[in-house]
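Subject: Structure for you to look at

Hi,

Here's the structure I promised to send over. Have a look at it first, and then read my notes below.

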Amino acid sequence: MTAATHDGTAHFRDRHSDLPGNYRLHQGLWLSSIGLGTYLGQADRSTDENYTASIVRAIELGCNAIDTASNYRFQRSERSVGAALKKVFTEHTAARDEIVVATKGGYIPFDNEYPRDAERYIRETYITPGLVRANEIVEGHCLSPNFLRAQIEQSQRNLALDCIDIYYLHNPESQLEFIKRNEFRDRLRLAFTALEEAVDLGSIKFYGTATWNGFRNPVGATEYLALVDILTLAREVAGIKHHCRCIQLPYNLAMLEAIVSRNQRRAGEMMSILEAAELSGVTIMSSASLLQARLLNQLPEGMQRGLAGLTTDAQRCLQFVRSTPGVAVALAGMSQVKHVEENLATTRIAPLTLEQIRSLLTR
């Protein structure tokens, strides 16, 4: 299995020793505090090339956490990541064992562009070949083991990797709008079984859930997820040595639930998802650190003063997220080299202290 390793990521860290506090040890891997996301953008060649160039530049500047998904830009984002990694590895900018690559499966992806007849495409590509049964699809989303196995293989091809470091189930909580929770639990258990099998085969290293609402919602909400339930299912499938070790959720200066909402129970105590994950040995990568650029040029003057030494709102937002205790990686979409250079300049300044974070939360 060729994947990110402790020694490889430590070597990457050591080559960028001029970045104070930029690397954190999680799951035996050294991760850069800012990671590159690939969600936004048109499904065209120009965007493909821009993402590829951005990823190459990000790795040059010390970013070793790359996040994508099979349905982003109709698989084109995964392929852009694959093209960038091929260039990086060929030119020896970095080695495979230094880079942590995450992708996601769950939404049924189209190929390269939106098809003229989406229903026909899904039927001919997924249902007729037996990868999915029609009753396993919920609003374009599927967690069936056969589908996930095929998706992992597809992502391996798109990324040109034989092992994916982190494989997330993509917004699984969305199914709870349409099926009962006990059925959802059964589907999740079967999905985890397939993912543990993929670990055994060397196709993935870790897995988890990449969510939007699940870990932010209050207890009792339809799409609410309890981390303890997720980990209990993983233990039922594979025991205490299970590989469900990572979760993703949005966290930014406008979406603070991860730190302020005490919606997770652990050992009889209610706490935030950041606290619960840290105590459970689960790594959190925060998505939407810039809220898809909607936070830029929106920060109040007092908050700008509290984030001294930074010159743009993008840098201030990233500094806040990456400095928050419990956040391993602050993900931000970067499809332009100039944005990569702007955002990663943040890593040249030491992260905020806990006292500074608390001060910002009261502003």
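This is a predicted model: local features need pLDDT of at least 70, side-chain atom pairs count only at pLDDT 80 or more; totals for chains, interfaces and linings use all residues.

**The parallel strands**

I'd start with strand E6, residues 164-170. E6 is mostly covered, with 7 of its 7 residues buried. On one side, E5 and E6 run parallel and are joined by 4 bridges; Ala102 has Ile166 of E6 as its bridge partner. E6 is also joined to E7, again in parallel, by 6 bridges. Ile166 turns up here too, standing opposite Phe206 in E7.

Carry on from E7 and you reach E8, which runs parallel to E7 and is joined to it by 4 bridges. To get there the chain passes through helix H7 (residues 227-238), and this β-α-β crossover is right-handed. Strand E8 covers residues 244-250, and because 7 of those 7 residues are buried, the strand is largely enclosed by the rest of the structure. E8 also pairs with strand E11 (residues 283-287), in parallel, through 5 bridges.

Ala210 stands opposite Gln248, and in E11 the bridge partner of Gln248 is Met285.

**The core, and Phe192 in particular**

Which residues touch the most other members of the largest nonpolar core? They are Phe192 and Ile204, in a core of 91 residues. H6 supplies the largest share of this core, with 7 residues. There is another core apart from that one, made of 15 residues, including Ala4, Leu29, Ala65 and Val100. As a general reminder, nonpolar side chains in soluble globular proteins tend to be buried together.

Leaving out neighbours within four places in sequence, Phe192 is in contact with Leu169, Tyr207, Ile230, Leu233, Ala234, Val237 and Cys244.

**Aromatic pairs**

There are 10 aromatic pairs in the structure. One of them is Phe110 with Tyr121, an edge-to-face pair at 5.4 Å centre to centre, with 70° between the planes. Phe110 sits in the loop between strand E5 (100-105) and helix H4 (118-127), while Tyr121 is in helix H4 itself, 11 residues apart. Phe110 is buried, at a relative accessible area of 12%.

Phe192 and Tyr207 also pair up: the ring centres are 5.2 Å apart and the planes are at 55°, so this pair is tilted. Since Phe192 belongs to helix H6 and Tyr207 to strand E7 (residues 204-210), the pair ties together parts that are 15 residues apart in sequence. Tyr207 is buried as well, because its relative accessibility is 0%.

If you like ring clusters, show Phe74, Phe110, Tyr114, Tyr121, Tyr126 and Phe147 together, as ring pairs link these residues into a cluster. For a charge over a ring, go to Trp30: the charged end of Arg13 sits over the ring, 4.4 Å from its centre.

Is Leu176 buried or exposed? Its relative accessible area is 7%, and buried means under 20%, so Leu176 is buried. That is for a residue in the loop between strand E6 and helix H6 (181-201). Not counting residues up to four places away in sequence, Leu176 touches Arg181, Phe184, Thr222, Glu223, Tyr224 and Leu225. For a sense of scale, Leu176 and Ala314 are 34 Å apart in space, C-alpha to C-alpha, and 138 residues apart in sequence.

The other loop residue is His16, between helix H1 (6-15) and strand E1 (23-26). His16 is buried too, with a relative accessible area of 12%. Beyond its neighbours within four places in sequence, His16 is in contact with Tyr23, Ile59, Glu60, Leu61 and Gly62.

Cheers

Key:
Residues are numbered from 1 along each chain as its sequence is written. Side-chain values use heavy atoms; hydrogens and water are left out. Helices (H or I, at least four residues) and strands (E, at least two) are DSSP runs, numbered from the N terminus. Buried means under 20% relative accessible area, exposed over 50%, partly exposed in between (1.4 Å probe, protein chains only). Contact means heavy atoms within 4.5 Å. Rings of Phe, Tyr and Trp (its six-membered ring) pair if their centres lie within 6.5 Å; planes under 30 degrees apart count as stacked, over 60 as edge-to-face and the rest as tilted. A charge sits over a ring if NZ of Lys or CZ of Arg is within 6 Å of the ring centre and within 35 degrees of the ring normal. Two strands pair if DSSP finds at least two bridges between them. A crossover is right-handed if, with the strands pointing away from the viewer, the path from the first strand over the helix to the second runs clockwise. A nonpolar core is a set of buried Ala, Val, Leu, Ile, Met, Phe, Trp, Tyr and Cys residues joined through side-chain atoms within 4.5 Å.
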